[in-house]
Amino acid sequence: FVPTFFLVLRNIFFSKDIYGVVKDIDGKRLEGVAVGLREAEFDKIVAKRITDSMGRYRFFVGEGRYYIEILDPKFVVEDIEDGNEVFTSKETLITRDILLKE
């Protein structure tokens, strides 16, 4: 019981949130960029996030196949960490780093 209690406390107070980060080609984190998540089967945007002041975003999704997209037309995607296609077999947090060019 005691070890489990300490593990729970550690996860509550010392857990580090995980995010994907959107940056420009100079390495500057980009605030206010719209990131979309498109569900592959029906080709529909199922989630949208706007990057925060540190360029961060994340999606929590169920099982499926998805594509990460930048919805802001003034940017061109240079690279998405591990590609823009995401396969999930269970509920998953999607957090891939994205490199953009204006």
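In strand β8, Tyr 66 has Val 86 as its bridge partner. The model described here is predicted, so to speak of local features a pLDDT of at least 70 is needed, side-chain atom pairs count only at pLDDT 80 or more, and totals for chains, interfaces and linings use all residues. Residues are numbered from 1 along each chain as its sequence is written, and side-chain values use heavy atoms, with hydrogens and water left out.Strand β6 (residues 64-70) is joined to β8 by 4 bridges, and the two run antiparallel. Strands here are DSSP runs of E with at least two residues, while helices are runs of H or I with at least four, numbered from the N terminus. Two strands pair if DSSP finds at least two bridges between them.

A polar atom of the Thr 88 side chain lies 2.8 Å from the backbone oxygen of Gly 62.

What about the surface? Ile 18, Phe 60 and Leu 93 make a nonpolar patch of about 300 Å². Patch residues have over 30% relative accessible area and no salt bridge, and nonpolar side chains are joined within 5 Å. A salt bridge is a side-chain nitrogen of Lys or Arg within 4 Å of a carboxyl oxygen of Asp or Glu. Ile 18, in the loop between α1 (2-14) and β1 (20-24), is partly exposed, with a relative accessible area of 49%.

Notes: Patches are made of residues with over 30% relative accessible area and no salt bridge: like charges are joined within 9 Å, nonpolar side chains (Val, Leu, Ile, Met, Phe, Trp, Tyr) within 5 Å. Accessible areas come from the Shrake-Rupley method with a 1.4 Å probe; for residues, only the protein chains shown count as cover. Buried means under 20% relative accessible area, exposed over 50%, partly exposed in between (1.4 Å probe, protein chains only). A polar contact is a pair of N or O atoms within 3.5 Å; within protein, one must be able to donate a hydrogen and the other to accept it, and residues adjacent in sequence count only if both atoms are side-chain atoms.
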